[in-house]
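Let us go through this model by question and answer. Please have the sequence and the 3D view open.

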Amino acid sequence: MVAMKGDLRYMIVSILSASNSSSIYRLTDVLLYIISRLFCILSYNFNVFVILNVYSKLTMFCTTNSWPMDLLLKQGSLKQEVESFCYQIVSESNDQKVGILQSEDEQLQPSVSKKSGSELSRVKLMSGSSKMTTFSKKPKRRKYDESYLSFGFTYFGNRDAPHAQCVLCKKILSNSSLAPSKLRRHLETKHAAYKDKDISFFKQHLDAPENNKPPTPKIVNTDNESATEASYNVSYHIALSGEAHTIGELLIKPCAKDVVMRMFDEQYSKKIDAVQLSNSTVARRIKDLAADIEEELVCRLKICDGFSLQLDESADVSGLAVLLVFIRYRFNKSIEEDLLLCESLQSNATGEEIFSCINSFMQKHEIEWEKCVDVCSDASRAAYGKIAEAVTLIKCVAPETTSSHCLLYRHALAVKIMPTSLKNVLDQAVQIINYIKARPHQSRLLKILCEEMGAQHTALLLNTEVRWLSRGKVLVRLFELRRELLVFMDSAFRLSDCLTNSSWLLRLAYLADIFTKLNEVNLSMQGKNVTVFTVFDKMSSLLRKLEFWASSVEEENFDCFPTLSDFLTEINSTVDKDICSAIVQHLRGLRSTLLKYFPITNDSNAWVRNPFTVTVKPASLVARDYESLIDLTSDSQVKQNFSELSLTDFWSSLIREYPSIARRAIRVLLPFATMHLCETGFSYYAATKTKYRKRLDAAPHMRIRLSNITPNIKRICDKKTQKHCSH
């Protein structure tokens with residue numbers, strides 16, 4: 001038997017030594033330790049196949065519990081669990097009496113006596129060590145007695161080898177605690193108020209309905225697993241805030257330790273040190289989170305019916321050309337918007353390079369171009385440039401894809417046209433503002449003056465041609481500070497007389513009002529899940545208002561322009577005919593320009609906006625789809641849902657019941673109406689990648705900040721084979 005064991009040991013060492021693993025020599029001692037334990041457990045009934053079977057199950061046991069093999073010799077608790085597992089498997093394989101191993105730290109010498117050979121064979125020499133290990137008989141298992149209920153304890157688990165469970169606090173004690181003295185000690189120390197209760201009290205408490213439910217097993221993470229999960233959560237919040245990676249170790253961790261120390265004690269505070277928040281660790285965590293979000297997005301796109309794209313390109317602080325691509329698709333019962341791609345173009349930022357970048361992402365993740373419905377950009381059909389070229393190349397691989405021009409760009413182009421008299425006032429107002437804003441000393445003096453005069457504001461706003469909303473805010477602020485500016489302005493400045501000219505101020509008040517109203521329309525067209533129908537409804541309303549405003553001004557009624565109306569009341573004056581003529585000319589010219597950029601057409605997709613008003617078959621529908629639309633509009637429950645849900649959610653909820661007509665409606669709702677997401681994305685990008693972080697790879701941060709998908713941190717942690725406390 002000894003020879004057989006030696007041959008087996010030699011065979012295992014030979015196999016492990018021949019392996020290419022760099023850590024195999026560390027595992028060799030562990031494996032030999034396990035084999036020696038198995039020899040002791042099996043005693044006389046030595047069977048090589050049983051040992052190998054136990055070893056394979058033991059390996060699976062360690063893998064399932066995420067226990068590194070090289071820790072088995074170092075941690076006594078793990079070693080005991082492994083030994084218990086060995087006993088369990090051996091008892092299943094060989095129904096023989098097994099013993100209990102003593103501690104490895106006890107160095108025992110084999111005693112020479114006149115005992116039988118069967119007793120001497122129980123002493124086994126451990127491999128790689130001169131230590132001896134013995135085992136004794138299996139410990140006695142205590143039985144549960146009904147009288148133990150008088151101490152507030154019932155049994156849990158197997159009746160032959162039960163555990164003790166307190167009926168009051170549900171705490172489960174080991175089998176060795178099934179002794180009256182130990183049960184009484186638990187009752188008197190933990191539940192002193194019930195120590196004199198009769199057994200009927202505990203029986204009534206045990207029979208209560210809420211106590212009849214079987215206890216749910218609770219899986220408790222180890223400290224390393226909890227620290228890793230906490231590290232991912234903190235890294236996720238760092239990415240959402242756009243802060244530097246170093247804030248985790250320099251600010252968040254010290255603050256967390258201080259809070260825990262003050263609220264609890266120093267023992268809990270020391271556990272915060274296990275959370276990995278170094279610069280490099282946070283960067284890796286953010287990449288893992290972004291990869292998980294991207295994986296979830298790709299899975300959604302592979303099962304969706306169609307999607308639309310929105311793309312734009314800009315330069316960052318380091319001079320790189322950055323491409324942002326957003327995607328809109330249907331998922332579950334709603335239409336989602338998410339960041340598809342954030343890439344820096346390393347070489348020439350041409351249309352071909354932009355298309356190649358998007359196409360590579362599609363091919364890498366096996367996303368079908370045929371699902372693309374529309375591409376929205378800031379390039380009109382007649383425009384030339386890299387974005388327009390990229391859109392053309394996308395149409396080549398997806399022939400059924402349409403292209404659309406951002407409606408916000410159209411609105412911004414339309415409102416630029418105005419009469420010469422009003423344009424001069426606007427230019428002069430900008431010059432007055434720049435005269436002060438371009439000189440820091442003048443700005444500080446103006447602030448002091450405004451504070452002394454009790455003005456509502458203390459500074460002017462700078463006009464920016466690129467920011468379309470700045471006109472209204474800039475002109476309103478200038479008009480509100482006209483008195484302070486009149487005191488502050490030097491008479492040598494050539495435009496200082498404008499502030500005393502009532503005609504100039506009347507035109508300025510009108511411009512402040514009209515651009516404020518146009519800004520309100522612009523803002524109402526921004527946001528998420530804005531459809532083409534929403535934008536055209538806003539523009540239709542604006543066209544009607546412009547006609548109404550022009551008619552009111554012709555009748556010398558200025559109630560629709562509050563700033564102008566209040567100023568007329570203040571100076572107790574009327575508006576000159578020339579000013580009225582210029583205002584009417586501007587309003588009617590603005591209406592005609594908007595009609596040019598937003599032409600009124602016979603919309604064949606009006607049935608999507610309100611299917612319950614359709615009485616004649618739309619030209620865009622075939623007979624089968626129109627029959628489905630009739631069934632849909634005849635359903636009273638569907639009609640009630642139409643009044644309660646948004647347009648996109650309404651059609652998404654009908655996919656199962658009316659799949660054909662619902663998919664056609666969603667295809668109409670998928671195209672982006674504006675470039676709002678790209679504009680917002682570049683603002684986040686500029687705030688994240690600043691001049692102090694020029695080398696930052698901002699793509700993972702953008703994936704997290706601009707995505708509606710929440711990463712599954714538990715899934716990410718489960719993929720980690722090792723969870724340690726290194727930084």
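Q: How many nonpolar, polar and charged residues does the lining of the second largest cavity have?
A: This is a predicted model: local features need pLDDT of at least 70, side-chain atom pairs count only at pLDDT 80 or more, and totals for chains, interfaces and linings use all residues. Residues are numbered from 1 along each chain as its sequence is written, and side-chain values use heavy atoms, without hydrogens and water. The lining includes Arg328, Glu337, Lys528 and Phe672; a cavity is a set of points on a 1 Å grid over the protein atoms alone where a 1.4 Å probe fits but cannot get out, and lining residues have an atom within 4 Å of a point. With Ala, Val, Leu, Ile, Met, Phe, Trp, Tyr, Cys and Pro as nonpolar, Asp, Glu, Lys and Arg as charged, and the others, Gly among them, as polar, the classes are 4 nonpolar, 5 polar and 3 charged.

Q: How much space lies in the second largest cavity?
A: The structure holds 2 cavities of 30 Å³ or more. Volume is the space filled by probe spheres set on grid points, joined across faces, edges and corners. For the second largest cavity, that space is about 50 Å³.

Q: Which residue forms a salt bridge with arginine 715?
A: A salt bridge puts a side-chain nitrogen of Lys or Arg within 4 Å of a carboxyl oxygen of Asp or Glu. Here the closest N and O atoms are 2.9 Å apart. Arginine 715 lies in helix α30 and its partner in helix α11, so the pair ties together parts 423 residues apart in sequence. That partner is aspartate 292.

Methods:
1 Å grid on protein atoms, 1.4 Å probe; cavity = no way out; pocket = protein on both sides within 12 Å on 5 of 7 lines; lining within 4 Å. Helix = DSSP H or I, 4+ residues; strand = E, 2+ residues; numbered from the N terminus.
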